Amino acid sequence: MDRSLRNWVSVSLFNLMLVAILGSTLRYKIAYSLPFINQKFLLNAHSHFAFSGWVTQVLMAILVKYLSDKTGKNYFGKFRWIFWANLISSYGMLVTFPFQGYWAGSIFFSTTAVLAGVIFAVTYWKCLKYVPSSPVKPFLKAALIFNVVSYIGPFVLSYIMITRLPYTGLFMAAIYFFLHFQYNGWFLFTCMGLFAEALLRLGVEPGKIKTVFYLFAGACVPAYLLSALWIPVPFWVYILVILAALAQLIGWGIMVQSARKKLNLMKAGISRFAQTLFFLSGFAYTLKLLLQAASAIPSLSHLSYSFRPIIIGYLHLVLLGVVTIFILAYIINHDYYPLNKTRKNGVIIFVAGIIINEVLLMIQGIADMSFFSVPYINRSLLLAALILFAGMFLINTKYKVVDEERKEKAVVK
């Protein structure tokens, strides 16, 4: 196992713990009071650091490992400075956003993070030509493209902030543009590419993987309007949006059916613990696609986007329930981050926190639509956030792992 990979995965998981700390602080401020903290600024730090310091950092490491495995050449040295540039930029945003929001320092580090992402995409794209032809490559190339495209959103936001333009529909459109092409582009296409690689190894027909790719790639751009249905569009464009939602459901159905046919082989090569995590991620993704399809109904869309808990619940469903749980399952299954009993318990607690958080947000959202206030809901959400932090704290423990590595070295000697 490449030590560079384990180091970067460890750094990324530590960053996820910091994200959990920020989330707990935000929830504490809502439930009680922290007058010296600007809620909006801290929220900016929380979201930017989650995207850059956690998901992007760990996906970069996993993709470079994939590249190294497929070419037989260690590429971590080539990408090391890009990793460091992204990490430093992430920490820069972490310490500047809470104090100034979108301003000189935070915009500078946001820009350097964007540059790191673009350079990674260009460099990785060039290196992919050395990887043998595979239906997985289009998924990874699309992920890189969508990551670069998503950066249009932050630049528009920065322009609005600097020029102090009024917060019109353009402001919200820029936010959802970034979120959509990060969530449904960069994050999910990378995860689906990794999932497709596993299915191919089990003997799934490459033609089915290609069909799934075409369905999702063709749907990704028009599906943006599912997040921005307040934008007036012609009727034929609305039809495209509906078709995009259906295409994603069909594509996911093909992928799930392909996996079910190879279920026995999958179980033989995946630990029971990782199987459970993969199942939870897949269930969350199915729920996400169903909710997204339902949002194509204008009345439901306007209703859901009028209530903040529903929006937050949906975003956390994708970032935590789908992407984060999948990444945890993937790195555990490939032994990129060795587990001991403490770390395993941490994963269990963290996943339990995700489920509790989603259930509470759903209850709060439904109650808000009924104009009913749920007693102690903010304190309950704070407790859920603390459970998430507790899980990440245990995941990041080093106890016993060092002893195991010493035993491995002793056996080698």
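Which residues make the nonpolar surface patch of about 740 Å²? In this predicted model, the patch is made by Phe235, Trp236, Ile239, Leu240, Leu243, Leu246 and Ile250. One of these residues, Trp236, is placed in helix α9, which covers residues 235-261. Tryptophan 236 has a relative accessible area of 57% and is therefore exposed, because a residue counts as exposed when this value is over 50%.

Helix α6 holds twelve residues, 152-163, and at 1.5 Å a residue it should span 16 Å. The end C-alpha atoms of α6 are 17 Å apart, which agrees with that expectation. Within α6, the buried residues are Gly153, Pro154, Leu157, Ser158, Ile160 and Met161. When α6 is seen down its axis, these buried residues fall within an arc of 160°, so they line one face of the helix. The cover over the buried residues of α6 includes α4 (104-127), α5 (136-150) and α7 (169-201).

Helix α8 was treated in this way as well. Its 15 residues, 206-220, should span 21 Å at 1.5 Å a residue, and the end C-alpha atoms are 21 Å apart, in agreement. Buried in α8 are Ile209, Val212, Phe213, Phe216, Ala219 and Cys220.

The salt bridges were considered next. The count comes to four salt bridges, where a side-chain nitrogen of Lys or Arg must lie within 4 Å of a carboxyl oxygen of Asp or Glu. In one of them, aspartate 335 pairs with arginine 6, and the closest N and O atoms are 3.4 Å apart. Aspartate 335 lies in the loop between α13 (308-333) and α14 (341-369), while arginine 6 belongs to helix α1 (residues 3-31), so the pair ties together parts that are 329 residues apart in sequence. Aspartate 335 is partly exposed, at a relative accessible area of 37%, whereas arginine 6 is buried, at 16%.

A salt bridge is also formed by lysine 65 and aspartate 69, with 3.1 Å between the closest N and O atoms. These two residues are four residues apart in helix α2 (residues 39-71), so about one helical turn separates them. Lysine 65 is buried, with a relative accessible area of 13%, and aspartate 69 is partly exposed, with 48%.

Glutamate 197 and lysine 70 meet through their side chains in a salt bridge of 2.7 Å, N to O. Because glutamate 197 lies in helix α7 and lysine 70 in helix α2, this pair ties together parts that are 127 residues apart in sequence. Glutamate 197 is buried, its relative accessible area being 8%, while lysine 70 counts as partly exposed at 35%. Lys70 and Glu197 belong to a network of salt bridges that also links Arg201.

Tyrosine 376 is not a glycine either, and its phi is positive, at about 60°. Tyrosine 376 is found in the loop between α14 and α15 (377-395). With a relative accessible area of 58%, tyrosine 376 is exposed.

A residue of α14 itself was also examined. Glutamine 364 is located in helix α14. Its relative accessible area is 12%, so glutamine 364 is buried, given that buried means under 20%. Leaving aside residues up to four places away in sequence, glutamine 364 touches Pro309, Ile377, Asn378 and Leu381.

Technical notes:
Residues numbered from 1 in each chain as written. Predicted model: local features only at pLDDT ≥ 70, side-chain atom pairs only at ≥ 80, totals over all residues. Heavy atoms only, no water. Patch = residues over 30% accessible without salt bridge, like charges linked within 9 Å, V, L, I, M, F, W, Y side chains within 5 Å. Areas by Shrake-Rupley, 256 points an atom, 1.4 Å probe, with all protein chains shown as cover. Buried < 20%, exposed > 50% of the residue type's maximum accessible area, 1.4 Å probe, protein only. Expected span 1.5 Å × (residues − 1). Arc of directions from axis to C-beta. Contact = heavy atoms within 4.5 Å.
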